[in-house]
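Reader: I would like to learn how to read a model of this kind, feature by feature. Could you take me through it, giving the general idea each time and then the case at hand?

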Amino acid sequence: MAIRKSNKLTQTAVLKQILKRCSSLGKKHGYDDDSLPLDVPKGHFAVYVGENRSRFIVPISFLTHPEFQCLLQRAEEEFGFDHEMGLTIPCEEVFFRSLTSLIK
């Protein structure tokens with residue numbers, strides 16, 4: 001999947017928005033003073049996958065991988081990025097586990 005140069009800034013802005021939303025879902029139990037989840041290590045973010053919305057912690061480096069970018073585009077088309085839930089990936093857990101194991 002090729003990304004046109006004119007879309008590069010837009011995609012970068014969208015990725016920053018995703019990371020901000022995933023790491024700042026509000027101050028509640030399990031979050032530090034900066035509104036960052038305590039169980040998500042630095043350099044990672046949480047996504048929700050599958051019918052049961054299972055939570056996965058993935059490295060930020062995945063954002064540059066073409067197959068993961070395809071999943072992000074599908075997520076934007078299906079759910080959008082402007083909602084209170086964390087980033088939801090529209091695919092089966094088995095597929096997501098296979099993809100992430102290949103990316104690592």
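Reader: How many disulfides does the count come to?

Author: A disulfide is called when a pair of cysteine sulfur atoms lies within 2.5 Å. This is a predicted model, and by that rule the count comes to 0 disulfides. As for the cysteines themselves, Cys-70 is partly exposed, with a relative accessible area of 33%, whereas Cys-91 counts as buried at 11% relative accessibility.

Reader: How many aromatic pairs does a search of the whole structure find, and how should I read their geometry?

Author: The search finds 4 aromatic pairs, and each is described by the distance between ring centres and the angle between ring planes. In one of them, Phe-45 and Phe-68 are edge-to-face, at 6.2 Å centre to centre with 80° between the planes. Since Phe-45 lies in strand β1 and Phe-68 in helix α2, this pair ties together parts that are 23 residues apart in sequence. The rings of Phe-68 and Phe-96 have their centres 6.4 Å apart and their planes at 55°, so that pair is tilted. The link is again between distant parts of the chain, with Phe-68 in helix α2 and Phe-96 in helix α3, 28 residues apart. Phe-45, Phe-56, Phe-62, Phe-68 and Phe-96 form one aromatic cluster.

Reader: Is Phe-68 buried or exposed, and what does it touch?

Author: Residues count as buried when their relative accessible area is under 20%, and Phe-68 is buried at 0%, as is Phe-96, also at 0%. Leaving aside residues up to four places away in sequence, Phe-68 touches Phe-45, Val-58, Phe-62, Leu-63, Phe-96, Leu-99 and Ile-103.

Reader: How many residues has the largest nonpolar core, and which of them have the most contacts inside it?

Author: That core has 18 residues, and those with the most contacts inside it are Val-47, Val-58, Phe-68, Leu-87, Ile-89 and Phe-96. At least two of its residues come from each of β1, β2, α2, β3 and α3, and α2 gives the most, with 4 residues.

Reader: Where is Val-40 found, and is it buried or exposed?

Author: A loop residue is read in the same way, by its place, its accessibility and its contacts. Val-40 is found in the loop between α1 (5-23) and β1 (44-49), and at 14% relative accessibility Val-40 counts as buried. Apart from residues up to four places away in sequence, Val-40 touches Phe-45, Ala-46, Arg-55 and Ile-57. The C-alpha atoms of Val-40 and Phe-56 are separated by 9.7 Å, the two residues being 16 residues apart along the chain.

Technical notes:
Residues are numbered from 1 along each chain as its sequence is written. This is a predicted model: local features need pLDDT of at least 70, side-chain atom pairs count only at pLDDT 80 or more; totals for chains, interfaces and linings use all residues. Side-chain values use heavy atoms; hydrogens and water are left out. Buried means under 20% relative accessible area, exposed over 50%, partly exposed in between (1.4 Å probe, protein chains only). Contact means heavy atoms within 4.5 Å. Rings of Phe, Tyr and Trp (its six-membered ring) pair if their centres lie within 6.5 Å; planes under 30 degrees apart count as stacked, over 60 as edge-to-face and the rest as tilted. A nonpolar core is a set of buried Ala, Val, Leu, Ile, Met, Phe, Trp, Tyr and Cys residues joined through side-chain atoms within 4.5 Å.
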